[in-house]
Amino acid sequence: MRFTDTLPTPSAEALAHSAQLAERIRIAIIANGGSIPFREFMRMALYEPGLGYYVAGSRKIGKDGDFITAPEISPLFSQCLANQCVQVLTELGGGDVLELGAGSGIMAADMLARLEALACLPERYLILDLSPELRERQRQTLQRHVPHLLARVEWLERLPETPLRGVIVGNEVLDAMPVELFTLVDGDRVIRQVEIQGDGFDLVPVEGHYTSEFNPNLPGWMKSMADSLAAGTLLLIDYGYEQADYYRPDRTQGTLICHYQHRVHDNPLIYPGLQDITASVDFTAVAHAGLDAELTLAGYTTQAAFLASSGLEALFIDALQTNPADQYKLAQQIRTLSLPAEMGERFKVIAFSKSVAAELQGFRFASQQQHL
């Protein structure tokens, strides 16, 4: 892995936090005989209770964090998702919305406002988030934007025991799941291990020229989603590729990247607990996992096509009528969400359904299921 020396130096407090997690990782490595699989390192770096990146109390999303997601870029994104939810909730005669990993809470606020405007509020808006800091931030965001709807919102620490009717939505959830790192050695896949190296960590060396990753937790995770859905739709938005593109011969270093204070780099072994570690999504594997979980593959397309099919143009026009002075700002937001060079093609939307017969409107302009 290449160390990137252009990263900002963490504060003394942040370094102390990272040192606590690094010590816990070192203990795990020693207990395991001198190394642990990269997947376990990534799990600890992101989710170790009280210390991991996603569960500790640092600000992660937005201009003061490490990265910005689509709901932070424009409310139009969440309004398009709400339009798709309306179709499903209407067919079901009502139901709930469950958001996985709600970030700052702005997507929940914008979706609820749009659902209210369309007279299609869910019975409950459930939020599953492991971070106490983010749950509090979400509550504050909802209190600021839609205080009269806060009573409909419930926070969960685990999936609901009783399967719900409605929509489960996850924006940039799959890319945050720990992945197994491997290198091809004489045609065989060698799972990469992390060892202690001085005061830090390094990968145990292997002789190979093609490294990539896969998500071994995907089948079980998708089964849990299917079990949590009595009837309705699972809608997932993330960046990634179909399998043939994911494992292209020239993609020799895989897709693993890190985000730290809006800098992107490729060394996941530094600053544990302080940086985001992600891998692109293999949407072919997602599709197979969903089908194996006995869900129906209901749609797959680019983010740009999904937003266009879900009423983006009409929402833009409505926003302009409300505030004409926002024309340039809104146009810039749409470009970021939709242009191929921005998020439009790199991000994909995949949907699975259970006991929902209607063709989902978000995929009516362009379907790419044949590529999976």
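Does Leu 142 count as buried or exposed, and what is its relative accessibility? Leu 142 counts as buried because its relative accessibility is 0%; buried means under 20% relative accessible area, exposed over 50% and partly exposed in between, with a 1.4 Å probe and protein chains only.

## Basis of the report

This is a predicted model, in which local features need pLDDT of at least 70 and side-chain atom pairs count only at pLDDT 80 or more, while totals for chains, interfaces and linings use all residues. Residues are numbered from 1 along each chain as its sequence is written, and side-chain values use heavy atoms, with hydrogens and water left out.

## Surroundings of Leu 142

Leu 142 lies in helix α6 (residues 132–145). Helices here are DSSP runs of H or I with at least four residues, numbered from the N terminus. Apart from neighbours within four places in sequence, Leu 142 is in contact with Gly 105, Ala 108, Ala 109, Leu 112, Ile 127, Pro 147, Leu 150, Val 153 and Trp 155; contact means heavy atoms within 4.5 Å. Leu 112 stands 30 residues from Leu 142 along the chain, and their C-alpha atoms are separated by 9.3 Å.

## Nonpolar cores

A nonpolar core is a set of buried Ala, Val, Leu, Ile, Met, Phe, Trp, Tyr and Cys residues joined through side-chain atoms within 4.5 Å. The largest one has 50 residues, and Leu 142 is among those with the most contacts inside it, as are Phe 77 and Leu 81. Helix α4 (residues 75–92) supplies the largest share of this core, 10 residues. A second, separate core of 29 residues includes Leu 164, Phe 283, Ala 293 and Leu 297.

In soluble globular proteins, nonpolar side chains tend to be buried together.

## Packing of helix α11

The axes of α11 (residues 312–322) and α12 (residues 327–338) come within 10 Å and cross at roughly 160°. Therefore α11 is roughly antiparallel to α12, a term for angles over 145 degrees. Axes are lines fitted to C-alpha atoms, for helices over the stretch in contact, and angles run from 0 to 180 degrees between N-to-C directions.

Helix α11 also packs against α4, at an angle of about 125° and with the axes 10 Å apart. These two helices are therefore oblique to each other, the class left after roughly parallel (under 35 degrees), roughly antiparallel (over 145) and roughly perpendicular (65 to 115). In this contact, Leu 76, Gln 79, Cys 80 and Asn 83 of α4 meet Leu 312, Leu 315 and Phe 316 of α11.
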